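Please look through the structure below with attention to its aromatic side chains and to the packing of its helices. A short report follows.

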Amino acid sequence: RDALPYAAATTVGILYFRVALMMLSLTSTKDETSYYSAALKIVEAFGGFSMIVVVAAFPVLARAARDDLERLRYGVSKVLQTTVMIGAWFALSLFVGAQLAIDIVGGEQFEPAVDVLRVQAVTMIAGFAVAALGYALLSLREHGALLKASLIALVVSVVLSLLLIPKHGAMGAAIATVA
């Protein structure tokens, strides 16, 4: 009963960034798709750290959800503050280091991906916050709410991708995923 909505929410979370990539590959040029893809790979590598931070707190959150809701509120508050600070640091690091990161991943021919990465860097803040809040919902066994939130984000990404990608290519895809 709990596993299906959680698995669906996880799947939707995985699709979130890839929807823009798929739409880009169908409606834009190979170059634009490559620029977005290079930036996305870097964002994915950095974004994985959010789970490392939050997973460590999950047992405490799960126990607090069962035994003491005030302790849960306090724990979620501290985890959220921490993840937002770390996400902001990652976002700033990616924004400032976008040129170096793209040079390492793709070389000079991927120069247009630098600005795409700078836009996508903003997702680090929200991504780290979402990890904290997602685990809070998981500790409360609110799998359905987690799925609903994931689906809303996916729908927003799809709609904005449809609107922005045809005219703005990789940058439109980046904006759609940030929104």
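Phe-46 is partly exposed, because its relative accessibility of 30% falls between the limits for buried (under 20% relative accessible area) and exposed (over 50%), as found with a 1.4 Å probe on protein chains only. This is a predicted model, in which local features need pLDDT of at least 70 and side-chain atom pairs count only at pLDDT 80 or more, while totals for chains, interfaces and linings use all residues. Residues are numbered from 1 along each chain as its sequence is written, and side-chain values use heavy atoms, with hydrogens and water left out.

The structure holds 6 aromatic pairs, where rings of Phe, Tyr and Trp (its six-membered ring) pair if their centres lie within 6.5 Å, and planes under 30 degrees apart count as stacked, over 60 as edge-to-face and the rest as tilted. Two of these pairs, which involve Phe-90, are given in the table.

| Pair | Centre to centre | Angle between planes | Class |
|---|---|---|---|
| Phe-46 and Phe-90 | 5.6 Å | 80 degrees | edge-to-face |
| Phe-49 and Phe-90 | 5.5 Å | 50 degrees | tilted |

Phe-46 belongs to helix H2 (residues 30-47) and Phe-90 to helix H4 (residues 69-96), so their pair ties together parts that are 44 residues apart in sequence; helices here are DSSP runs (H or I, at least four residues), numbered from the N terminus. Phe-49 lies in helix H3 (residues 49-67), so its pair with Phe-90 in H4 links parts that are 41 residues apart in sequence. Phe-90 counts as buried, at 9% relative accessibility, whereas Phe-49 is partly exposed, with a relative accessible area of 41%. One aromatic cluster is formed by Phe-46, Phe-49, Trp-89, Phe-90 and Phe-128.

H2 also packs against helix H5 (residues 98-105), at an angle of about 110 degrees and with the axes 10 Å apart; axes are lines fitted to C-alpha atoms over the stretch in contact, and angles run from 0 to 180 degrees between N-to-C directions. H2 and H5 are therefore roughly perpendicular to each other, a class that covers 65 to 115 degrees, with under 35 counted as roughly parallel, over 145 as roughly antiparallel and the rest as oblique. In this packing, Ala-38, Ala-39 and Ile-42 of H2 meet Ala-101, Ile-102 and Val-105 of H5, where contact means heavy atoms within 4.5 Å.

Gln-120, in helix H6 (residues 113-121), counts as buried at 0% relative accessibility. Leaving aside residues up to four places away in sequence, Gln-120 touches Tyr-36, Ala-39, Leu-40, Val-43, Ala-174, Thr-177 and Val-178.

Key: Helix = DSSP H or I, 4+ residues; strand = E, 2+ residues; numbered from the N terminus.
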